[in-house]
Structures are given as C-alpha cells and as structure tokens.
Amino acid sequence: MSGRDLFCQPRRAGRGAALTLLFASVLVAGAATGSFGDPDRKSPSPSARSTPAAHRETVTDAAAEAMADGKSPMEAAERAVSRSGDRWGAVYSQGEYEEFEEALDGQYTGVGLWARRERDGRIEVARVQSGSPAAAAGIRTGDRLRSVDGEKVDGRPVTEVVSLLRGDADDAAAGTKVSLGLERGTRAWSETVRRARLSTDSLTVRKLPGGVTVIKVAAFTKGVGDAVRTAVEQTPEHAGIVLDLRGNSGGLVTEAVTAASAFLDGGLVATYDVNGAQRSLHADPGGDTTRPLVALVDGGTMSAAELLTGALQDRGRAVVVGSRTFGKGSIQMPSRLPGGSVAELTVGHYRTPAGHTVDGRGITPDLEVDAEALERAATVLSGLGDPS
C-alpha cells in the first residue's frame, strides 16, 4: 500500500472513506489514496439514493439549527450525514475543499515524495518527484522514513504519514519547514526541508522490452485526458498499449471521457442519473480504434477510472487484466452550508455502456491475475497481434 503527499484522507474521522473530486463544475466522482481499512461494499441506503433533495435539506437544516444555537454547524452536518446512511457523503471545511480543488488543478503543497508501508510496518520512500524539495535534499527511492517532525511513523497507515508530510494538522503552507528522520543502509540522519507548491505527476509513459508502451494514469486531474491522447498519438503505429489504471483514485469524469476518446471513435462512454434524470456521456470521434490495448486494474481502481474501464470493456476496445476494481459508481453534488463548510451528498449513480452498475460491485477483469500483473498484461497484448 502506498501514497503520496498529495491526496490524503480528511483530517477528522467520520467524513466518508475518501476524498471526493469535482465532476464537471458541480458533480463529483470519488477519489482516494492510502488505507480504506475494510470498506463496506454495500450500496448507499435507499433513503440516500432515492431522495437526494430531502437528504440535502436535512443536512442543511441541521447545520443552520446548530449555528442558531451557537454550536458547530459543521459537526451537526457531519452527524446528519452519518445518520443518513450515505456511504460517500462527507462534510469539509472551506479550506479543505479549496485544497481538493487545487489538487484537481494539478497543484499540491508537500515535499514531493511517495511513501509505502512494508509488511513489517516500516515506511519507505517509494518515489521522489523530480525537482521537489525531497529531491533537492538528496532523498532517494528506497530510503527508510523513520519520523516526521519527531513523530515516529513505523506501523502507521500511509495516509497518516502523508498527512504529517503535508502538515495538515497545522494547515501548513508552502515554505514551512518539516524535519524528516531517514535511514539508508547503516546511515541514519535528519533532513529539514521546506514544503513547496508542486505540480502533480498524474501521467507517466514508458516502454517495455518488445516495444509495448505503458501509459500509467494515477488520477484524472485537469489536463490528463489530453495527455493520454497525446501519449497515444506519439506511440509508434500499431504498437500495443497497456493503460495502467492500478491505484487510480478517480478524479474528473470529464477527463476520463476525454481519455476514452483517445481509444474510441465516438459513442457511449457511460450513462448516469442525477436526481432521477437520465443523462449520458459520449466520446469524441476520431480515436485510435485499431492498435492492441490492455487496461490494467486492481482494487485501487475506482470511480472515474472504473467508468473508463467499463467503457473500454463493454465496447470491446480493450482486454481488462488484473483484479476486481473498487466499486465506486456514485455521484456526489457539493452544497455550501451555513458557516461556510461544504457537504458532498450522493445524488445518483452511473452505469457502463452495457448497463452494468459499478457501485458496490466493481468491474471484473476479463483475465484475473494478482502477481506479476504488468507482465501478464504485456503477454496478453502480444497475443492480440498486429491489427494490420
């Protein structure tokens, strides 16, 4: 399990299992990294699903009444959401919500490192972002992270470590210092770095032996859809592509639809309902429909990434390899509450082109594999042959 000092769980407990990210300008598809514990895979309760307007009114009224009584409107709203049974409903402070929006714009405040927890509980640096404060300090992949600002991190969930790196408890801004306790082999030392405003690295492209191109999409932040299309256009003609969506936390659905347009020549990507109204999402015409394509997924593939996977699978465009996806197929809409906080409440669900429901079920791969998934994906890709 791994994470980065970009997306992390909300600071207070009881506000949903995951961050939620903007869908178009107001609708939301969920996103998360790090530990979910043992998530409940049931769909939201009927009350949350069938009466979204009443649900929103209940939460707003709870916040207003608390504010009139001199109590915390945010805490009252959180309790109302918890009682509603809305699994993905959440309440955020104004500042937290602004942070999430900034993350979707491809910006975040941190030191520029990814962390993973080993089986023995140790926290290791999984990756260092080029040009980041961590890189400038000489921190390398494989270094052990022992402490953050004097707090030992061994055995902690990655999400907590990420929160410490970002300085969430203090709303730490760019320029604030953070002390890291590190270890490399027999050497142990401390390094003090300053947090900075960094750009996300949501898409990476690499080539495997044999000419296979791997397009890895970590999250659908702003501009990622066009980046996928560019990567496809720059891949040699007829060369196979592995679209790696493992651990993809979701993001902007509009970006996922744009990514789908890189591989489809128009047509349906998904249908969804909002407050009972049926709507649909369509790919743009002109995508590359000939080259071999494998979509690689796992239990961390969720929301907008599942929407894309479902479209490619149902349309017969890609062979899906990996393990069952997370199962986040609901839509949230943000509402401003008395006091300035924001409630995101479930208003609908989306379905794949074949009408399959994703929420609480996930997507079953065409070929289920756990170990050496990328290698198996490349093998499947070679078996698809040259379409020419």
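Me: Thanks! What should I know about the numbering and the pLDDT limits here?
Reply: Residues are numbered from 1 along each chain as its sequence is written, and side-chain values use heavy atoms, with hydrogens and water left out. This is a predicted model, where totals for chains, interfaces and linings use all residues, side-chain atom pairs count only at pLDDT 80 or more, and local features need pLDDT of at least 70.

Me: How many salt bridges does the structure hold?
Reply: A salt bridge here is a side-chain nitrogen of Lys or Arg within 4 Å of a carboxyl oxygen of Asp or Glu. By that rule, the number of salt bridges in the structure is 14.

Me: Which residue forms a salt bridge with Arg184?
Reply: The closest N and O atoms of this pair are 2.7 Å apart. Arg184 lies in strand E10 (residues 177-184) and its partner in the loop between helix H5 (133-136) and strand E8 (144-148), so the bridge ties together parts that are 41 residues apart in sequence. Helices (H or I, at least four residues) and strands (E, at least two) are DSSP runs, numbered from the N terminus. The partner of Arg184 is Asp143.

Me: Is Asp143 buried or exposed?
Reply: Buried means under 20% relative accessible area, exposed over 50%, and partly exposed in between (1.4 Å probe, protein chains only). Asp143 has a relative accessible area of 2%, so the word for Asp143 is buried.

Me: Which residue forms a salt bridge with Glu183?
Reply: The closest N and O atoms are 2.7 Å apart in this bridge too. It links distant parts of the chain, with Glu183 in strand E10 and the partner in strand E8, 37 residues apart. Glu183 also belongs to a network of salt bridges that includes Arg144 and Asp154. The partner, partly exposed at 34% relative accessibility, is Arg146.

Me: How far apart are the closest N and O atoms of Asp244 and Arg246?
Reply: Asp244 is buried, with a relative accessible area of 4%, while Arg246 is partly exposed at 25%. These two residues form a salt bridge, and the distance between their closest N and O atoms is 2.9 Å.

Me: What is the phi of Glu372?
Reply: Most residues other than glycine have a negative phi. Glu372 lies in the loop between strand E22 (367-368) and helix H10 (373-384), and is exposed with a relative accessible area of 59%. Although Glu372 is not a glycine, its phi is positive, at about 50 degrees.

Me: And where is His238?
Reply: His238 has a positive phi as well, near 70 degrees. It is partly exposed, with a relative accessible area of 29%. Its place is in the loop between helix H7 (224-234) and strand E15 (241-244).

Me: How many of the nine residues of H8 are buried?
Reply: Among the buried ones are Val253, Glu255 and Ser261. H8 is largely enclosed by the rest of the structure, because the number of its nine residues that are buried is eight.

Me: How far apart are the C-alpha atoms of Ser202 and Ala218?
Reply: Ser202 sits in the loop between strand E12 (196-199) and strand E13 (203-207), and is buried at 5% relative accessible area. Along the chain, Ser202 and Ala218 are 16 residues apart, and their C-alpha atoms are separated by 4.9 Å.
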